[in-house]
Amino acid sequence: MKISVIGCGYLGAVHAASMAELGHEVVGVDVDAAKVESLQRGAPPFHEPGFGELLGRTLASGRLTFSTDFADAAGSRVHFVCVGTPQKRGEYAADLRYVEAATEALLPVLASGDLVVGKSTVPVGTAARLAEMVEGKVPGALLAWNPEFLREGFAVQDTLHPDRLVYGLPAGADGDTARALLDEVYAQIVERGTPKVESDYATAEMVKTAANSFLATKISFINAMAELCEATGADVKLLADAIGYDDRIGRKFLNAGLGFGGGCLPKDIRAFMARAGELGADQALTFLKEVDNINMRRRIRMVELAREVCDGSLLGKRVAVLGAAFKPDSDDIRDSPALNVAAQLQLQGAVVRVTDPAAVENSRRQWPHLDYADSPEEAAEQADAVLVLTEWRQYRELDPQEFGKVVRSRRMLDGRNALDRDLWEAAGWTYRALGRRAT
Ligand code: UDX
């Protein structure tokens, strides 16, 4: 099938290449000429495991091209809208201007029988509005909402092997037409028996925001327990293991630490609250405000912990920050808890050196006043304290003995509860972590 993918960020670029991998003929369209040029050259404009190979393979097959010209989307049967919905400046609500602009730009190239498929995370009610726009301007064209649940770091795997498909469909016969087209697009995934949920637009839109809110709540729940553990001397990691054995609870997303960041969870729970307010249902989501508060408090607590470890003052202390990306295996620094803490430490007088296997370039652009190093050893040279704030494998596997040789004081703050405490303590390090007792 001929497919267009509008918006070639983390979501769209991976989706475009994945659709080509499934055998479709795909054009990825983006207004950012540099991004399009890079993708067309086979050079991923962001770090995502496995994406470089997938991109190279699908470009070489001739089934995948990229363009800045919407006209190139003409002739495609299905058009995926994968543009961003960032938080509005100074407000909780989502900024829908890119989704609206992308849909509008598609209108002149749409033909009767085409299907526009929204994948962006949007406030409930958006799809119905866009459907009116599409059907009003191009008789016979339809719209479906098909939220995407990919995690950065696993984007290729999650796109080609999703754990479920959600189709938000128009009512009646139009719904049957849209379903048939989506089933054709995802034929290999559907045939594998992947669970499929078909619903109205509103439910499909809400599935995504509800899922992200649940995940954020789970993380903040365990981080609230971490606060209590700090007050009582209990150990949050053991607590998470113990409650996680209950399969109604499950151990996933119960890693206490610096909390959630990134381009999705924080802004999605805020946009969800804003939308609930508009709908007169704000009480239903006031708990998300607390989820957000707990999450933000962890960043402040991390700075306090660093101050405690540095004998009560950060002034002039050399602090190494290991990790800048909001999570491992990504170079994404949007709302990164690690960089937030690094900046706070520096503003409070510490001499901070940040390192990250993939995100230094992005960090330097956004936080030029921080100091950067190419390796953990370089960052930690003569350090008074080392903070692991993103749990990259490279940092989890550091040798505490060898690494101890470069620092001034063996003080380790594990912001992600990711290190083997016993190993570090055995090598003479003071080990501190959120939600766990001091050595
Ligand atoms: C998330 C959703 O998981 C995904 O389904 C959706 O499509 C987009 O948003 P992503 O932002 O890539 O994906 O990252 P995710 O793996 O969910 O992690 C989000 C944040 O939570 C990270 O900062 C991570 O470090 C943090 N986290 C995760 C924890 O603090 N503890 C955990 O136990 C898990």
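User: Which residues have the most contacts inside the largest nonpolar core?

Analyst: This is a predicted model, in which local features need pLDDT of at least 70 and side-chain atom pairs count only at pLDDT 80 or more, whereas totals for chains, interfaces and linings use all residues. Residues are numbered from 1 along each chain as its sequence is written, and side-chain values use heavy atoms, with hydrogens and water left out. A nonpolar core is a set of buried (under 20% relative accessible area, 1.4 Å probe, protein chains only) Ala, Val, Leu, Ile, Met, Phe, Trp, Tyr and Cys residues joined through side-chain atoms within 4.5 Å. The largest has 50 residues, and those with the most contacts inside it are Leu 345, Val 354, Val 386 and Leu 387.

User: Which elements give two or more residues to this core?

Analyst: Elements are DSSP runs numbered from the N terminus, helices (H or I) having at least four residues and strands (E) at least two. Two or more core residues come from each of H12, strand E9 (318-322), helix H13 (337-347), strand E10 (351-355), strand E12 (385-388), strand E13 (411-414) and strand E14 (430-433).
Another core, of 42 residues, lies apart from it and includes Leu 55, Leu 115, Leu 142 and Leu 182.

User: With which residues is Leu 387 in contact, leaving aside its neighbours within four places in sequence?

Analyst: Contact means heavy atoms within 4.5 Å. On that basis, and with neighbours within four places in sequence left aside, the partners of Leu 387 are Met 302, Ala 306, Val 319, Ala 320, Val 321, Leu 322, Val 341, Leu 345 and Leu 413.

User: Is Arg 298 buried or exposed?

Analyst: Arg 298 belongs to helix H12 (residues 286-309). Beyond its neighbours within four places in sequence, Arg 298 is in contact with residues including Asn 223, Glu 227, Glu 230 and Leu 434. Its relative accessible area is 1%, so Arg 298 is buried.

User: Is Asp 311 buried or exposed?

Analyst: Asp 311 is placed in the loop between H12 and E9. Its phi is near 55 degrees, a positive value in a residue other than glycine. With a relative accessible area of 60%, against a cut-off of over 50%, Asp 311 is exposed.

User: Within what arc do the buried residues of H2 fall, seen down its axis?

Analyst: In helix H2 (residues 33-40) the buried residues are Val 36, Ser 38 and Leu 39. Because they line one face of the helix, judged by the directions from the helix axis to the C-beta atoms, their arc is 165 degrees.

User: Which residue caps the N-terminal end of H2?

Analyst: The buried residues of H2 pack against helix H1 (10-21), helix H3 (51-60) and strand E3 (64-67), and H2 is followed by Gly 42, whose phi is positive, near 85 degrees. At the N-terminal end, a side-chain oxygen lies 3.1 Å from the backbone nitrogen of Ala 34, and the capping residue is Asp 32.

User: Which three residues supply 45% of the area that domain 1 buries against domain 2?

Analyst: The domain assignment, automatic or from a database, gives domain 1 (2-199) and domain 2 (215-433). Between them, 17 residues of domain 1 are in contact with 19 residues of domain 2. The two domains bury about 1500 Å² (the accessible area, 1.4 Å probe, lost on being put together, summed over both), 53% of it on carbon and sulfur atoms. More than any other three residues, the suppliers of that 45% on the domain 1 side are His 47, Tyr 92 and Glu 152.

Methods: Polar contact = N/O pair within 3.5 Å; in protein donor to acceptor, adjacent residues only side chain to side chain.
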